[in-house]
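Me: Hi! I'd like to go through a protein structure with you, bit by bit. Can you put it up here?

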Amino acid sequence: MEKTIRVKFRTKEGYQEGNVVFEDGDLIHVEGDDGIRWKADWNSVKILDGKVRCQYDKPWQGPCMGKLVEGTNFCKEHTIKCYQCKEKQATHGCSVAGTFTCSIPLCGSEECIGTHSKQHYS
């Protein structure tokens with residue numbers, strides 16, 4: 001890994017901070033400030049030093065946390081345009097749920113979110 005990734009994670013004793021030592025598939029190995037090494041999942045840690053994982057917000061799940069495409073804040077799967085305006089980067093999936101969750105990719109624009117939401121309730 002080129003950049004040191006600083007994270008906050010939870011242990012039995014409480015919250016702790018440390019640096020990611022290496023990635024092993026979906027797991028990361030973190031060296032805590034106390035020198036102890038821990039294994040963690042990307043979804044169970046809070047990144048403290050900026051956006052180093054995909055920031056696309058999956059409905060009812062939270063941030064994707066996939067590896068970034070260089071020059072973006074999103075992974076390959078989520079480097080997509082908004083379904084409504086077809087111009088801006090989609091930042092999240094629609095979270096309206098019925099039998100299934102909608103999940104249509106939308107940007108953060110109030111206009112796009114409002115237009116799409118009306119489709120669910122009309």
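Me: Thanks! Which residue is the bridge partner of Phe 22 in strand 3?
Reply: In strand 3, Phe 22 has His 29 as its bridge partner. Strands here are DSSP runs of E with at least two residues, helices are runs of H or I with at least four residues, and both are numbered from the N terminus.

Me: Before we go on, what kind of model is this?
Reply: This is a predicted model, where local features need pLDDT of at least 70 and side-chain atom pairs count only at pLDDT 80 or more, while totals for chains, interfaces and linings use all residues. Residues are numbered from 1 along each chain as its sequence is written, and side-chain values use heavy atoms, with hydrogens and water left out.

Me: New topic: which residues are in the largest nonpolar core?
Reply: That core has 11 residues, including Phe 9, Val 30, Trp 42 and Met 65. Strand 1 (6-11) and strand 3 (27-32) each supply at least two residues of this core. A nonpolar core is a set of buried Ala, Val, Leu, Ile, Met, Phe, Trp, Tyr and Cys residues joined through side-chain atoms within 4.5 Å. Buried means under 20% relative accessible area, exposed over 50%, and partly exposed in between, using a 1.4 Å probe and protein chains only.

Me: How many disulfides does the structure hold?
Reply: It holds 0 disulfides, a disulfide being a pair of cysteine sulfur atoms within 2.5 Å. Cys 54 is in none, and the nearest cysteine sulfur, in Cys 75, is 3.7 Å away.

Me: Last one: where is Ser 109 found?
Reply: Ser 109 is in the loop between strand 9 (105-106) and helix 1. The side chain of Ser 109 reaches the backbone nitrogen of Cys 112 at 3.1 Å.

Key
Two strands pair if DSSP finds at least two bridges between them. A polar contact is a pair of N or O atoms within 3.5 Å; within protein, one must be able to donate a hydrogen and the other to accept it, and residues adjacent in sequence count only if both atoms are side-chain atoms.
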